[in-house]
Amino acid sequence: MVNDSNDSDVNTDLQAISQIIFGEPASKANSRRLVRFGNMSRLIKSQKALNYSDAFKQQCTPLQQLMTGDLRVTMVIYYASRRPDLDESLILDLMQGLIYENDRQVKERHTYWRLDPDQPRAEIIVEKIDRKSTRLNSSHVKRSRMPSSA
């Protein structure tokens, strides 16, 4: 008799996702402008940052269930010119609520600057980090104790 039941654990959590977002991202550090509202001044996103945010939201496929736990993000950002600084922070912010709940989940980042004048884009991979692989093996760590004050 064949046993059709499978007693193995099934992991339904998404382990990795890959997306390509076309367009040149704005640097978050340089993407604010000062606007006055009566006697008050406010910093708001620049038009370039607003345009990229809109383009990102149109192209990024949101996950039905957001990724949980600690994450690793690898990005290759292709810029249209040599002028922009490498800055992935706007992209990390924009993935909140679409790929993961909060960008504080990102514990490891690898970001690379590339030039492609014809097709600026961001190639993004988000991966779940295996907690076991990120911990130091305690048997290899020499522990020292602070001398007592006595």
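**Sheet pairing and selected side-chain contacts in a predicted chain**

Strand 4 (residues 71-79) and strand 5 run parallel and are joined by nine bridges. Strands pair where DSSP finds at least two bridges between them; strands (E, at least two residues) and helices (H or I, at least four) are DSSP runs, numbered from the N terminus. Within this pairing, Arg72 has Glu108 of strand 5 as its bridge partner. Strand 4, helix 2 (residues 89-94) and strand 5 form a right-handed β-α-β unit, the term right-handed denoting a clockwise path from the first strand over the helix to the second when the strands point away from the viewer.

The model is predicted: local features need pLDDT of at least 70 and side-chain atom pairs count only at pLDDT 80 or more, whereas totals for chains, interfaces and linings use all residues. Residues are numbered from 1 along each chain as its sequence is written, and side-chain values use heavy atoms, with hydrogens and water left out.

The chain contains six strands and three helices, in the order β-β-β-α-β-α-β-β-α from the N terminus. Of its 150 residues, 31% are buried (buried, under 20% relative accessible area; exposed, over 50%; partly exposed, in between; 1.4 Å probe, protein chains only). The accessible surface amounts to about 11,100 Å², with 48% belonging to carbon and sulfur atoms; areas come from the Shrake-Rupley method with a 1.4 Å probe, and for residues only the protein chains shown count as cover. Among contacts (heavy atoms within 4.5 Å) with a separation of 6 or more, 79% are between residues 24 or more positions apart.

An open sheet of four strands has the order 1-6-4-5 and mixed pairing. Strand 1 (16-22) and strand 5 (106-115) are the edge strands, each pairing on one side only. On average, neighbouring strands of this sheet are turned by 10 degrees against each other, direction ignored. Seven bridges connect strand 1 with strand 6 (residues 121-128) in the antiparallel sense, and Gln19 stands opposite Ile124 of strand 6. Helix 1 (residues 47-59) lies across strands 1 and 6, at about 130 degrees to strand 1. Axes are lines fitted to C-alpha atoms, for helices over the stretch in contact, and angles run from 0 to 180 degrees between N-to-C directions.

Arg121 counts as buried because its relative accessibility is 12%, while Glu123, at 26%, counts as partly exposed. Their side chains are joined by a polar contact of 3.0 Å (a pair of N or O atoms within 3.5 Å; within protein, one must be able to donate a hydrogen and the other to accept it, and residues adjacent in sequence count only if both atoms are side-chain atoms). The Arg121 side chain also reaches the backbone oxygen of Gln119 at 2.8 Å. Beyond four places in sequence, the contacts of Arg121 include Ile20, Phe22, Val76 and Asp116; those of Glu123 include Gln19, Thr74 and Met75. The C-alpha atoms of Glu123 and Thr74 are separated by 8.2 Å, the two residues being 49 apart along the chain.

Glu24 is located in the loop between strand 1 and strand 2 (32-37) and, with 18% relative accessibility, counts as buried. Its side chain makes a polar contact of 3.0 Å with the side chain of Lys48, and a polar atom of the Glu24 side chain lies 2.6 Å from the backbone nitrogen of Ala80.
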